[in-house]
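Hi,

Here is the model we talked about, handed over for you to open up. My notes on what turned up in it follow below.

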Amino acid sequence: MSRTQGTGARVAAVVAAAALITAGAAWPEPAPAQEGAGAGSAWAYWGGDAGSQRYAPLGQIDASNAAELEVVWRWKAANYGPDPDFYYRATPIKADGKLFTVAGSRRAVVAIDPGTGETLWMWRMEENPRWERSPRKSYGKGVAYGEVDGEGVVFNITPGYWLVALDADTGEPVESFGENGVVDLQEGLGYPVHPDSGIAPEHGLITSSSPPIVVNGVVVVGNSHQHGYYPARKENIPGDLRGYDAATGEMLWRFHVVPEPGEFGHDTWEGESWKYTGNISSWAPLSADPERGIVYVPTDAPTGDYYGGQRPGKNLFGTSLLALDVQTGERVWHFQMVHHDIWNYDNPTAPNLVDITVDGEEIPAAVQVTKQGYAYVFDRETGEPVWPMEEREAPPSDVPGEQAWPTQPHPVKPPPFEIQGITEDDLIDFTPELREQAVKIAERYRMGPLYNPPSLRDAEDGTSGAFVVPGANGGANIPGGACVDPETGVLYVATERGQSVISLVPGEERPKYARYGPSQEPSNLRYVSTGPGGVRGPRGLPLLKPPYGSIVALDLNRGEKLWRIPNGDTPRDIAEHPSLQGVDLPRTGKSAHANCLVTSTLLFYGEGRGGGPWFHAVDKETGEEVARVELPVTTNAAIMTYEHEGRQYIVAPAAAPGHPAELLALALPEE
């Protein structure tokens, strides 16, 4: 049964070590370096290697010279079509002697000389109705690379949801793939597809923002949808996963993220909710273990980020990590991080695959960092949690029609890398007056623990919504995510401290709040949210105590926290705030997700969207900052590194309001 058919930068060496907020366990012993597709001169996947380690065994840039880094070329993404500066988040890959990336709202594919930044070729699809309707035109995160019959091929998913195969040397479509290099990804989902406009809008919208991943001759394709804060309808297209032959474009398999009758997990969709519920996107990048033939897929919530009364049950495979056989698409194992997700706690970034040693046992691990502030660690072959996973009671919901799941899973180790839930102790306390004002602000809403359920804007107790902490943008999220050092088993997580206040209103009031999709259309959900934002604290200051952005080091061999450092310095609007003159402030860090990568010598990070235009080099063992470089513009997404003709480069996507999107390449001065 199926559903409906070249500028230099001013450099500042840092003499004093960064102020460490917490210290922890002893540093783990190094292990032999692990080989990966991102090793050495290449960075052939979005995350460096197939396992998304975001690590390179390069050491030309180290503590002795990192302060000498300079911007050696700049590549202007804005030249390739309209793309809001805020959204540029494409991380290049390096393969076949070239960099490959995307730019512009039509997601033009570009090859770039890795030593000079010169554009070598460009391909883009013509404008069409599906591009115009796409909800993710300006969200492209990059491309994938594979070799077919010994020839390099670049794979791209367009905003209109076509999969394109391009010759890596020329940029020309590979004629033997699909129809003249193009496969229509809207085909094969069980809906009629119009040749120009695609799937009819009444069924929903589906596209993709992340690159596919190429594993053992199979191109695995994910997807994304419109933001789910205030959906117009309970009906949407499920984000089914599919595998395609890398040589021919033939669809090899399809995995139903909403299980159909007779499939595992179907009983977690009560009533008839499986028939109409959609989303469960795999919108974040994917990871893979080619040796084991497994692809790892992080998923998000079913339709309705904050209200699920129309979809009772646990709702597999929403907000889960799926391990699938790359040749057949069969489920190898899964773990659901959030049962019946009503918190917008989608898994926001690719899982990191790394081999660790726990109590003397070598374990091939998969680590999924999350918005909840947890790092979930599994044996990536069996799916068994490395440390116990406790099902703990979660608060019930009093929203009419909502049936919040009574328990949620909590890993015992590693410890949370972000605060979870909110009490008065978490509120800003720089002065007694500010604390008193913060308490009065917070009292307007429901405070509570992690998995505090959303509540009505006009609740009977007089509150106007519920705090969700971490909120929609914290702790880990796609701009920062995590990187892992395979030599030590240490995971570095970029986290942001924040809160959302979720206020639910009747579905017919949706036009007052919706900023995405058909904004004038009421919703047929009983309730929708007014948005995922939080509330400001007293006198325009943050409501919560710092640090507002951090990097946390977790030892995966022991499940322990090693250290935490702030992401950057204290922002000027806090340091120079009139209410804080004369107050001895801590280094707060910035409300931003740091963009990190790790090499054999150092941890590197840019401060990320909302941070400052600074690039930092950090001692991996202690968290002490060894150097910082001023950039022309703030980094905006995951960074990468490679070696080219004997020189190590670090490339960062960069953008900020008023600064057109670009790539910045840093390297040491030539001798």
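Lys-545 comes out as partly exposed, at 26% relative accessibility. Keep in mind that this is a predicted model. The side chain of Lys-545 meets that of Asp-429 in a salt bridge, 3.6 Å from N to O. The two come from distant parts of the chain, 116 residues apart: Asp-429 is in the loop between strand 27 (407–411) and helix 2 (432–442), while Lys-545 is in the loop between strand 33 and strand 34 (549–555). Asp-429 is partly exposed as well, with a relative accessible area of 38%.

There is also a network to look at: Asp-289, Arg-292, Asp-355, Arg-380 and Glu-381 are joined into one by salt bridges that share partners. Searching the whole structure gives 28 salt bridges.

Two other pairs are worth a click. Arg-233 forms a salt bridge with Glu-521, and their closest N and O atoms are 2.8 Å apart. That pair links positions 288 residues apart, with Arg-233 in the loop between strand 16 (218–221) and strand 17 (241–245) and Glu-521 in the loop between strand 32 (500–506) and strand 33 (527–529). Arg-233 has a relative accessible area of 23%, which makes it partly exposed, and Glu-521 is partly exposed at 27%.

Then there is Lys-98 with Asp-169, a salt bridge at 3.3 Å, N to O. Here the partners are 71 residues apart: Lys-98 belongs to strand 6 (residues 98–103), and Asp-169 to the loop between strand 11 (162–167) and strand 12 (182–184). Is each end buried or exposed? Lys-98 has a relative accessible area of 11%, so it counts as buried, since the cut-off for that is under 20%. Asp-169, on the other hand, is partly exposed at 49%.

Last, have a look at strand 30 (residues 482–485). Side chains in a regular strand alternate between the two faces of the sheet. In strand 30 both faces are covered, with Ala-482 and Val-484 buried on one side and Cys-483 and Asp-485 buried on the other. Strand 30 pairs with strand 31 (residues 490–496) in the antiparallel sense, over 4 bridges, and Ala-482 stands opposite Val-493 of strand 31. The two strands make a hairpin with 4 residues between them, where Gly-489 in the turn has a positive phi of about 75°.

Cheers

How values were computed: Residues numbered from 1 in each chain as written. Predicted model: local features only at pLDDT ≥ 70, side-chain atom pairs only at ≥ 80, totals over all residues. Heavy atoms only, no water. Buried < 20%, exposed > 50% of the residue type's maximum accessible area, 1.4 Å probe, protein only. Pairing = 2+ DSSP bridges. Salt bridge = Lys/Arg side-chain N within 4 Å of Asp/Glu carboxyl O.
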